[in-house]
Amino acid sequence: MSISLSSLILLPIWISMAQIQQGGPDEKEKTTALKDLLSRIDLDELMKKDEPPLDFPDTLEGFEYAFNEKGQLRHIKTGEPFVFNYREDLHRWNQKRYEALGEEGYGVIVLNPNENYIEVEKPKIPVQSSSDSSDEPAEKRERKDKVSKETKKRRDFYEKYRNPQREKEMMQLYIRENGSPEEHAVYVWDHFVAQSAAEKVFFVAHSYGGLAFVELMIQREADVKSKVTAVALTDSVHNVWHQEAGKTIREWMRENCCNWVSSSEPLDTSVESMLPDCPRVSAGTDRHELTSWKSFPSIFKFFTEASEAKSSSPKPALTRRSHRIKHEEL
């Protein structure tokens, strides 16, 4: 096992410090001097002397890592998960390697706008009884209150019997600026995606998520076009006519989107569309809820081609058009 230079230097210092602290008050001056010495030592510089150069690969493959079909990061040769302590006793170098690899990795934001509210118990508003009249005899008021309480008790019992799960009357409080899926998509874009350093952003939008994405494009067209590389829709329910998406949006979607729809045809078989937007291909299943899962291999291939086209060509849309044509030829 290798021992770092910093360990050889610091160990006797800390031993000396312990020995001094065991002494009496007359050793305070030496303690102060050693503390001053320690404050001048640049631990970062000491560690640099002992570590290899911070020269790391530029790609994920260069680190000999890749994502498998389950989306797990694994070593290409051994199949093992990522190992942080690649070099023993070199924490700083391992951290820098981890950061370099992370720059070539992926950040994932999962949007689930279906539950965009919280349920709370509905506040009870007291209703003033007509028996509260001061002109009414006290005995009569008490008799009316008793009848009212009995009536309420029977009604509550009936409601509980009819719906035993609902013991309290609830109300929905929508999250501010996220009251609908469309609002949620715009909020996440403005506060997270748009402010990120990512140069290549990919969307996978399922079902109503496709409609939310089209709405995002309508509201943030220029920003989306400049940051998003490709969009995979899975059985999307969007409608560019009803949502009044402009011509430039429809053209961009034709070049940068693909919709994997529920179909009994084999995966990637071309499916006709009545809408003038992105191409439609089979997801390899006729079950709506499985379209994302079944089409993942084709989606990641689509993303890879789009990413490579953006890196190598100033006009990646031409390359993605060839991807669309290839789908139609299947």
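**Entry 1: the core**

I began with the largest nonpolar core, which has 22 residues. Phe203, Phe213, Val224, Val228, Val231, Trp252 and Met253 touch the most other members. I note here that the model is predicted.

I looked up the contacts of Phe213, leaving out residues up to four places away in sequence. Phe213 touches Phe203, Val224, Val231, Trp252 and Cys257. I also found a second, separate core of 10 residues. Ala230, Ile299, Phe302 and Ala306 are among its members. As a general note, nonpolar side chains in soluble globular proteins tend to be buried together.

**Entry 2: cysteines**

How many disulfides does the structure hold? I found 0. I checked Cys258 and saw that it is in no disulfide. Its nearest cysteine sulfur is that of Cys278, 6.7 Å away. A disulfide needs the two sulfur atoms within 2.5 Å. Cys258 has 0% relative accessibility and therefore counts as buried.

I checked Cys278 next. Cys278 is in no disulfide either, and its nearest cysteine sulfur, that of Cys257, lies 5.3 Å away. Buried or exposed? Cys278 is buried, with a relative accessible area of 2%.

**Entry 3: salt bridges**

I searched the whole structure and got 4 salt bridges. I wrote up three of these pairs, among them Lys77 with Glu64.

Lys77 and Glu64 meet through their side chains, 3.1 Å from N to O. The pair links distant parts of the chain, 13 residues apart. Lys77 sits in the loop between strand 2 (73-75) and helix 4 (91-103). Glu64 sits in the loop between helix 3 (43-50) and strand 1 (65-67). Lys77 is exposed, at a relative accessible area of 66%. Glu64 counts as partly exposed, at 30% relative accessibility.

Arg220 forms a salt bridge with Asp190, and their closest N and O atoms are 2.8 Å apart. I located both residues. Arg220 is in the loop between helix 7 (208-219) and helix 8 (221-227), while Asp190 is in helix 6 (residues 181-193). Arg220 is partly exposed at 24% relative accessibility. Asp190 is partly exposed too, with a relative accessible area of 25%.

Arg287 and Glu289 meet in a salt bridge, 2.8 Å from N to O. I looked up Arg287 and found it partly exposed, with a relative accessible area of 45%.

**Entry 4: His288**

Where is His288? I placed it in the loop between strand 9 (280-282) and helix 10 (291-312). His288 has 32% relative accessibility and so counts as partly exposed.

I listed its contacts, again without residues up to four places away in sequence. His288 touches His206, Ser207, Asp235 and Ser262. His288 and Ser207 are 81 residues apart in sequence, but their C-alpha atoms are 8.2 Å apart in space.

**Entry 5: a surface patch**

Which residues make the nonpolar surface patch of about 250 Å²? I found Ile118, Met171 and Leu173. I followed up Met171, which lies in strand 4 (residues 170-174). Met171 is partly exposed, with a relative accessible area of 31%. A patch residue must have over 30% relative accessible area.

Key
Residues numbered from 1 in each chain as written. Predicted model: local features only at pLDDT ≥ 70, side-chain atom pairs only at ≥ 80, totals over all residues. Heavy atoms only, no water. Helix = DSSP H or I, 4+ residues; strand = E, 2+ residues; numbered from the N terminus. Buried < 20%, exposed > 50% of the residue type's maximum accessible area, 1.4 Å probe, protein only. Patch = residues over 30% accessible without salt bridge, like charges linked within 9 Å, V, L, I, M, F, W, Y side chains within 5 Å. Areas by Shrake-Rupley, 256 points an atom, 1.4 Å probe, with all protein chains shown as cover. Core = buried A, V, L, I, M, F, W, Y, C linked by side-chain atoms within 4.5 Å. Contact = heavy atoms within 4.5 Å.
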